[in-house]
There are 2 protein chains.
Amino acid sequence: LIKTLLYEGKAKKVYAIEGHENNGKVFIEFKNSLTAFNALKKGEFEGKGEINRDIATFIFKFLESKKVKTHWVKDIGSNSMVTHQLQIIPLEVVVRNTLAGSTAKKFGRNEGSELVRPLVEFYYKNDALEDPLVTEDQADILGFCDLETMSYLKTQALKINALLVGLFQKAKLHLVDFKVEFGKNSNNEVLLADEISPDCCRLWDLETKEKMDKDRFRRDLGHVKEVYVEVLNRLKKLKEEINE
Amino acid sequence: LIKTLLYEGKAKKVYAIEGHENNGKVFIEFKNSLTAFNALKKGEFEGKGEINRDIATFIFKFLESKKVKTHWVKDIGSNSMVTHQLQIIPLEVVVRNTLAGSTAKKFGRNEGSELVRPLVEFYYKNDALEDPLVTEDQADILGFCDLETMSYLKTQALKINALLVGLFQKAKLHLVDFKVEFGKNSNNEVLLADEISPDCCRLWDLETKEKMDKDRFRRDLGHVKEVYVEVLNRLKKLKEEINE
């Protein structure tokens with residue numbers, strides 16, 4: 001497999017794959033690094049790339065079985081996957097079931113406040129501008145994404161949320177919120193991209209309320225690796241959820 | 001006229017008026033003070049209350065003549081007006097024709113960038129939280145304002161914008177952006193509230209591009225009073241715009 005680095009992100013490397021049969025596909029390697037606060041805080045742990053790849057794959061396969069189109073094609077090695085190559089839409093799509101993090105703080109609400117319905121938010125993907133919150137009219141008028149596509153992203157994000165809330169509930173985890181990204185393939189179809197893992201979800205243990213996600217790293221709560229492993233293990237026990 | 005202070009804002013005082021015939025109405029006094037950056041910067045100039053009252057009245061009468069319902073009832077004295085008493089909706093509604101100020105900065109765009117269509121933004125009116133930008137879904141879910149009312153606010157804000165762009169153009173001014181507030185009367189009708197003046201508009205001279213608004217105070221450009229007076233004088237020359 002001959003590959004050329006296309007892009008290195010905070011937690012992943014994306015490579016082009018040489019050879020005809022891989023046209024339109026890329027190779028994604030999950031790194032062991034952890035970052036927070038727009039990469040002002042950095043860390044890593046051994047095996048993180050493998051764990052996140054396995055969690056992401058589990059979730060992509062689950063979502064595909066529920067008719068949600070994702071970029072996942074197949075796993076390779078211990079910490080990589082082959083995916084469809086997409087033109088990423090420059091919006092981070094956040095879904096919240098319970099208030100936590102930046103939105104709770106911004107509106108002076110307590111972390112853990114319940115919402116009357118799931119909230120979808122868009123953030124403009126731009127590190128230099130610190131990924132600002134963007135309204136649909138702003139995103140449309142400033143040319144980040146058109147209103148029709150955003151309406152589809154919202155529908156997809158809410159569908160993914162409903163599926164994942166159910167999945168995690170079976171794993172005794174409350175899905176507080178998560179961030180996803182989408183991209184367009186060469187046929188202009190919108191697919192779920194990036195990854196879904198404890199790096200970009202908030203997961204609270206249903207009984208103990210313990211945080212089982214990157215907030216352990218952000219807030220120096222310790223046992224970061226242990227909870228990532230625990231999330232993976234709980235998901236693995238739900239194999240029957242995936243109609244393979 | 002016996003009045004009781006109900007509320008003192010940064011640029012206005014609102015009084016209840018005693019007596020049967022004034023039920024449902026309040027008395028608004030325009031102060032000489034100027035503030036910027038969530039009141040971190042403070043100033044004032046003699047006669048500002050009178051000038052802003054006159055500009056606001058001119059605009060309210062103009063909008064009423066175009067079938068836009070406002071809270072204005074009549075002027076009193078040199079710096080005050082009687083208005084309908086409203087339950088203010090806690091959203092600042094901003095309309096932008098050209099990018100300037102916070103939104104230009106937030107998205108790394110140059111001040112003066114033209115927009116493909118007017119942009120409407122909502123900010124949650126809360127000084128302690130520094131009036132954060134709020135999406136329609138956030139405002140609805142967090143209980144600030146329902147989606148149907150926001151849709152009406154947007155329509156009204158765009159209608160007001162179209163009317164004011166035309167009005168100011170006749171006064172040789174470009175309406176860059178403005179902020180308005182709305183409130184509900186006892187019949188649950190939504191009326192335009194607060195004021196429209198150089199305190200809450202960006203106005204650029206059509207020919208010289210000179211700033212004719214509160215940015216002169218915000219950015220220490222000098223001649224603050226002179227431009228407020230000039231805006232009022234240019235509007236006064238357009239008396240025929242108001243179908244009295």
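Buried here means under 20% relative accessible area, exposed over 50%, and partly exposed in between, with a 1.4 Å probe and protein chains only. This is a predicted model: local features need pLDDT of at least 70, side-chain atom pairs count only at pLDDT 80 or more, while totals for chains, interfaces and linings use all residues. Side-chain values use heavy atoms, with hydrogens and water left out.

Cysteines, then. A disulfide is a pair of cysteine sulfur atoms within 2.5 Å. The count over all chains is zero. A:Cys200 is buried, at 12% relative accessibility. Now A:Cys145. The closest cysteine sulfur to that of A:Cys145 belongs to A:Cys200, 19 Å away, again too far for a bond. A:Cys145 is buried too, with a relative accessible area of 8%.

Next, the helices. These are DSSP runs (H or I, at least four residues), numbered from the N terminus. In chain A, H1 spans residues 48–65 and H6 spans residues 224–236. They pack at about 30°, axes 10 Å apart. Axes are lines fitted to C-alpha atoms over the stretch in contact, and angles run from 0 to 180 degrees between N-to-C directions. So H1(A) is roughly parallel to H6(A); that label covers angles under 35 degrees.

Who makes the contact, meaning heavy atoms within 4.5 Å? From H1(A), the residues include A:Ile51, A:Ile55 and A:Phe58. From H6(A), they include A:Tyr228, A:Leu232 and A:Lys236.

Conventions. Residues are numbered from 1 along each chain as its sequence is written. Chains are lettered from A and ligands numbered from 1 in the order in which they are written. Helices (H or I, at least four residues) and strands (E, at least two) are DSSP runs, numbered from the N terminus. Angles under 35 degrees count as roughly parallel, over 145 as roughly antiparallel, 65 to 115 as roughly perpendicular and the rest as oblique. Contact means heavy atoms within 4.5 Å.
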